[in-house]
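Open the model in your viewer and keep the selection tool ready. We will go stop by stop.

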Amino acid sequence: MRYINKRIVTLFCTLIVLISLTVVNCANEEEVACGNSSLSESEPNETFSNADSIGDLNATCTSKVTGYIGILAVDIFSFNTGDASTITFTVTWSSGDDALDLVVQDSTGTAYDFGLSAASNSETLTWTVDSKNVTRYIVVTSEIAWGDTNYTMNIEAK
């Protein structure tokens, strides 16, 4: 009986250590660069067939895109959803009176989610991934014909 009690205590202590290690690992989990971690958009990129590739967006990774968009234009970027559950796209722009919008689509043009700005110089879209390891597109659109603008899009996958 004493042997069984000692064994139970040992198993219990091992379980506590494993739980502690798991908590430490989760607390220390860092975001890492993923896919094409720093991308400058290049023209032409206004169709799905010539979209700039961001790469794989796996959970806990970040990426950054810099670009320039003209009047009533679109910039299209492809990405693989990887193992992410959500992906947040935040676009900010610094010049012009333009308002930029974001749309997540597939190659048929089906829109999965969109974010519309109100000329506030930023737009954030947090998208719940519909399928793992598939190609999707993030489309940056210029909605108002008041001027061209430079922009930065930060991407965070979880």
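What follows is a short tour of a predicted model.

**Stop 1: colour by confidence.** Start with the whole chain. Its mean pLDDT is 77, and 70% of its residues reach 70 or more. Now select helix H1, residues 2-27. Among the elements of the chain, H1 has the lowest mean pLDDT, 32. Strand E4 has the highest, 95. Where pLDDT is low, the predicted coordinates should not be read in detail. Hide this part if you like, and move on.

**Stop 2: strand E9.** Select residues 135-142. Is this strand enclosed or open? Seven of its eight residues are buried, so E9 is largely enclosed by the rest of the structure.

Select residues 74-80, which form strand E4. E4 and E9 pair in the antiparallel sense, over seven bridges. Pick out Phe79: its bridge partner in E9 is Arg136. Then select strand E6, residues 100-105. E6 also runs antiparallel to E9, and six bridges join them. Here Val103 has Val139 of E9 as its bridge partner.

**Stop 3: the cores.** Show side chains. Which residues touch the most other members of the largest nonpolar core? They are Ile54, Phe77, Phe79, Ile87, Phe89, Ile138 and Met153, out of 25 residues in this core.

**Stop 4: charged pairs.** How many salt bridges does the structure hold? There are two. Side chains of opposite charge can pair when their charged atoms come close.

Select Arg136 again, together with Asp130. Their side chains meet in a salt bridge, at 2.7 Å from N to O. Arg136 counts as buried because its relative accessibility is 10%, under the 20% cut-off. Asp130 is partly exposed, with a relative accessible area of 35%.

Finish with Lys158 and Glu156. Their side chains form a salt bridge too, at 3.8 Å from N to O. Glu156 counts as partly exposed, at 24% relative accessibility.

Conventions
Residues are numbered from 1 along each chain as its sequence is written. This is a predicted model: local features need pLDDT of at least 70, side-chain atom pairs count only at pLDDT 80 or more; totals for chains, interfaces and linings use all residues. Side-chain values use heavy atoms; hydrogens and water are left out. A salt bridge is a side-chain nitrogen of Lys or Arg within 4 Å of a carboxyl oxygen of Asp or Glu. Buried means under 20% relative accessible area, exposed over 50%, partly exposed in between (1.4 Å probe, protein chains only). Helices (H or I, at least four residues) and strands (E, at least two) are DSSP runs, numbered from the N terminus. Two strands pair if DSSP finds at least two bridges between them. A nonpolar core is a set of buried Ala, Val, Leu, Ile, Met, Phe, Trp, Tyr and Cys residues joined through side-chain atoms within 4.5 Å. pLDDT is the predictor's confidence in each residue, from 0 to 100.
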